[in-house]
Amino acid sequence: MKIKKPIIIALLFTAGLWAQGAIESLIYGSGMNFALKEYPLDYSISTAYPAMSPQTMQYNFGDVYEITEKAYEYSDYAVRGMVVPSGVEILRGQGNKNGKIPVKVTYSLGKKPMWTGENFTDPAMFLASEYAVGHHLTEENIVSYNEFHYANGNLLRFIFLKDETADSMRLITVDKQWNDREIDIYGKNFEFDGNFSLQPKDYNNDGYPDFLVKASAPDKKGCLYALHYAGDYPYPSYIYIYGETSDAPKLDRIDRENYFLFTLDEYGFLKPQILNSDRQLYDTENRENNGLIFTSSYENGVITLKGTVVSLYKAQNASHMSIALKKLDGLVWRNVDMPVNSADLIAGDSRRSYLMTVKKELEQGIYRIEATVNGKMTYTEFIVGE
């Protein structure tokens with residue numbers, strides 16, 4: 001019997017492990033002495049499954065299944081590292097090995113970003129629309145035009161406009177049906193540096209594009225920014241970023257839940273902070289490695305590892321680091337070959353960052369760089385295929 005679509009095995013470890021309220025469909029085939037269950041794609045059901053054993057699983061009929069192939073995909077129903085619904089497929093063509101039935105397991109990369117491609121900055125088509133003409137929108141008063149296309153076919157436009165009566169900015173959103181909404185971006189008058197594009201990043205892992213945008217005129221030390229989460233975009237939060245004055249920056253990623261920035265404390269002193277996915281700021285002490293915070297990214301086949309000095313007196317003792325690249329395989333981090341495995345750190349008399357770039361083509365997945373300095377290891381994560 002050939003099973004045309006992926007199936008999910010009802011009992012991943014032992015009998016009785018199943019999601020409450022599941023709709024069962026027992027499938028029996030000739031010569032098959034085990035039962036298979038299919039479940040509807042329901043969030044409450046799929047997240048009830050624990051992660052599968054990295055090697056084997058046993059069904060209550062006595063058959064042992066060996067995981068011989070692994071795959072990764074985005075899922076709206078299973079958190080990262082868990083098996084996706086219908087994510088276990090019996091590999092009939094391989095035959096039994098050592099009495100074990102080979103299966104392919106697909107693990108979740110979490111929710112896929114719901115927008116596709118880069119955001120568009122050319123408003124030509126929009127300016128020709130009845131909406132733009134009726135609202136007197138032109139190239140002269142549009143400072144930034146951004147379209148986000150979502151996987152479900154929806155579209156949302158984020159448009160920054162010069163105010164008609166004052167030298168300040170307005171932000172409006174216009175959806176696919178031409179419904180619009182104005183969003184408060186801050187009360188003070190200030191100018192943007194000509195036209196700019198938003199730099200989307202999924203800061204809260206909900207699949208929607210989030211972004212930072214200038215919320216005041218910059219001063220000598222930095223600028224105040226509004227952080228918009230697209231899922232609840234009418235409610236931005238405000239963050240002062242030291243050393244940043246661009247119109248729409250991106251934060252450096254520590255891992256999937258945390259980002260790094262410099263801000264100022266209540267007395268005006270420089271303060272390194274970690275921003276989590278709930279928009280809460282925390283001290284960096286628990287993530288420091290010899291006075292360094294490590295962040296990473298991947299773009300166009302290049303891995304970038306960045307070590308930023310947050311405690312100069314500690315960083316002066318850091319002269320060398322070793323690194324290891326790992327990929328998430330189920331719930332296990334597997335080693336990945338790297339062209340280089342170490343780098344020198346030269347501490348200066350002022351705060352600075354150490355950049356290391358490595359050209360390497362990587363498959364889709366979640367990766368971690370482990371950096372060890374003076375015997376202490378910390379890690380930073382990045383996602384390929386985000």
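Rings of Phe, Tyr and Trp (its six-membered ring) pair if their centres lie within 6.5 Å; planes under 30 degrees apart count as stacked, over 60 as edge-to-face and the rest as tilted. Phe 126, Tyr 131, Tyr 145 and Trp 178 form one such aromatic cluster. The model is predicted: local features need pLDDT of at least 70, side-chain atom pairs count only at pLDDT 80 or more, and totals for chains, interfaces and linings use all residues. Residues are numbered from 1 along each chain as its sequence is written, and side-chain values use heavy atoms, without hydrogens and water.

Eleven aromatic pairs occur in the structure. One of them joins Phe 126 and Tyr 131; the centres are 6.1 Å apart and the planes lie at 45 degrees, so the pair is tilted. Phe 126 and Tyr 131 are both buried (under 20% relative accessible area; exposed is over 50%, partly exposed in between; 1.4 Å probe, protein chains only).

The arginine contacts follow. The charged end of Arg 157 sits over the ring of Trp 178, 4.1 Å from its centre. Arg 368 lies over the face of Tyr 379, 3.6 Å from the ring centre. The criterion is NZ of Lys or CZ of Arg within 6 Å of the ring centre and within 35 degrees of the ring normal.

An open sheet has four antiparallel strands in the order β5-β6-β7-β8. Its edge strands, β5 (142–149) and β8 (180–183), each pair on one side only. Strands are DSSP runs (E, at least two residues), numbered from the N terminus, and two pair if DSSP finds at least two bridges between them. Four bridges join β7 (residues 169–175) to β8. Leu 171 has Ile 183 of β8 as its bridge partner.
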